[in-house]
Amino acid sequence: MQEDHVFNGDGREAPELIVRGLTKRFGGVTAVDDVGFRLPGGQALAVVGPNGAGKSTLLKLLAGAHTPTSGSIEFGGRRLERASARQVVRAGIALAHQIPRPFTGLTVWENVAIGAGARGRAAEEHIAAVIAECGLQDKMRRRAENLRLLDLKRLELARALSTRPRCILLDEVAAGLSGRELDEVIALIARISATGCGLVLVEHVEGVVQSLVDRVIVMDWGRIIAEGTPAQIAADATVRQVYLGDGARPRTAARETPPARSGPPLLRLEGVDLAYGDIPALRGVDLEVWPGEVVAVLGANGAGKSSLAAAISGAERVRSGSVRFGADDVTALPAYRRARRGIAHCPEGRRVFPALSVEENLKLALPLRMPAKEVAGRLEDVYAVFPALAEMRARRGGALSGGQQQMLAIGRALIGRPRLVVLDEISLGLAPVVIDGLYEAIEAIRSEGIAVVVVEQNVHRCLAVADRAYVLDRGVVSYAGDPAPLSDPRLLERLYFGSPREEALSP
């Protein structure tokens with residue numbers, strides 16, 4: 001069997017993919033906003049952008065996992081915007097997920113055979129060829145649950161290729177890989193592309209993008225804001241600005257004198273490793289937070305910021321290392337028990353209950369059987385930080401704007417009167433004036449003596465209020481200390497965009 005038939009359906013060059021006016025709304029949030037592009041047959045396109053830009057949502061729309069609110073998708077003359085995921089696969093488009101999703105109890109062969117969807121000698125030859133091309137021939141009888149990360153990535157590609165696609169969608173397939181493993185996956189994707197199979201690649205590692213595509217589109221807030229070659233995009237000041245924030249400072253500035261440190265830190269992480277299956281998210285992370293501090297946690301897409309937030313709050317269990325809060329080791333405690341000790345977590349994505357009122361959303365975070373007077377007092381504490389919530393206390397959460405929902409999410413974290421609050425990507429998808437208000441709220445929170453960990457991609461906004469900063473690079477701390485040196489754009493570019501870590505400056 002010829003190699004091009006392994007990778008590309010009937011071996012012919014893929015048809016053109018045409019996207020017009022594609023829009024997807026989730027309630028009041030617009031995740032993809034009037035996106036349009038053409039991918040000529042057999043070409044490769046990268047989609048890049050900061051967290052929350054809409055990249056993965058765009059891939060899910062193309063794959064039939066989501067139905068667009070408006071717009072059209074055409075592939076080979078066939079309209080697919082209302083097609084199911086199965087119909088999209090039959091039309092010749094396959095999706096490989098960022099986190100591999102095999103049937104863990106089945107072998108490599110059985111996983112690939114499910115995608116092939118046929119029986120007989122020809123199907124078996126195709127399955128064997130796909131497995132061999134993905135470098136899994138020696139493991140075809142091994143169960144997926146026993147594979148390491150690189151082989152799971154290969155299997156995810158093999159499962160997509162088993163459908164004989166003429167265009168393949170790849171969602172951050174390099175996540176968790178480095179060195180030789182990363183080179184091997186890049187080489188495999190390059191072979192797929194070279195056969196004439198169309199390629200749409202969502203990726204944040206610049207080296208991967210430059211190795212695989214000739215054209216890049218940049219998304220932010222659901223819209224395409226730039227387009228060009230990898231070299232043009234890498235040199236685009238606007239794109240760098242989008243990744244690092246707009247440079248504006250909120251009306252409240254950082255204190256000239258950081259809070260005095262007395263005694264042990266309120267929070268201490270030592271040697272923390274966290275992984276999702278075989279996919280590492282944090283590696284040997286050390287972090288300290290003192291009472292009354294604002295600590296910024298920064299990094300590019302996939303750096304491990306949200307995983308660090310989850311490790312602090314207990315939303316995810318660490319694989320090794322320790323988490324201490326005050327005098328106690330809380331490493332083994334679940335999230336609800338850490339919350340009782342004073343750790344609050346406002347996760348990325350707001351996660352309000354749309355059918356409940358503002359006040360009902362807030363009360364859900366309170367213990368049962370709390371006296372009515374105490375409940376009223378705590379609500380007033382939240383309304384003092386966010387007066388707008390008091391005015392709409394009876395309004396349903398789903399009827400709020402994105403900024404109002406973010407206020408509600410932070411208020412829900414504060415109503416338990418925590419000693420430490422972790423705020424994960426609070427500026428995501430919000431207008432600058434709304435972000436100003438949220439950062440003023442951080443100052444109000446800090447003034448009450450509450451420690452704040454701000455997980456952010458908007459660097460300049462975050463650094464304006466931070467007492468100290470940590471930068472993560474693929475799960476490793478690449479910078480820790482005074483925020484001031486991070487105002488140097490050369491340092492930020494080295495930390496964010498793939499330069500060797502040993503070049504990063506230390507405080």
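Residues are numbered from 1 along each chain as its sequence is written, and side-chain values use heavy atoms, with hydrogens and water left out. Because the model is predicted, local features need a pLDDT of at least 70 and side-chain atom pairs count only at pLDDT 80 or more, whereas totals for chains, interfaces and linings use all residues.

Although it is not a glycine, Asp 34 has a positive phi of about 55 degrees. Asp 34 is found in strand E2, which spans residues 29–39; strands (E, at least two residues) and helices (H or I, at least four) are DSSP runs, numbered from the N terminus. With a relative accessible area of 44%, Asp 34 is partly exposed, a class that lies between buried (under 20% relative accessible area) and exposed (over 50%), as computed with a 1.4 Å probe on protein chains only. A positive phi of about 55 degrees is also found at Arg 164, again not a glycine, and Arg 164 lies in the loop between helix H6 (149–161) and strand E7 (167–171). The relative accessible area of Arg 164 is 31%, so that this residue counts as partly exposed.

A search of the whole structure finds zero disulfides, a disulfide being a pair of cysteine sulfur atoms within 2.5 Å. For Cys 167, the closest cysteine sulfur is that of Cys 197, which at 6.3 Å is too far for a bond. Cys 167 counts as buried, at 1% relative accessibility, and Cys 346 is likewise buried, with a relative accessible area of 1%.
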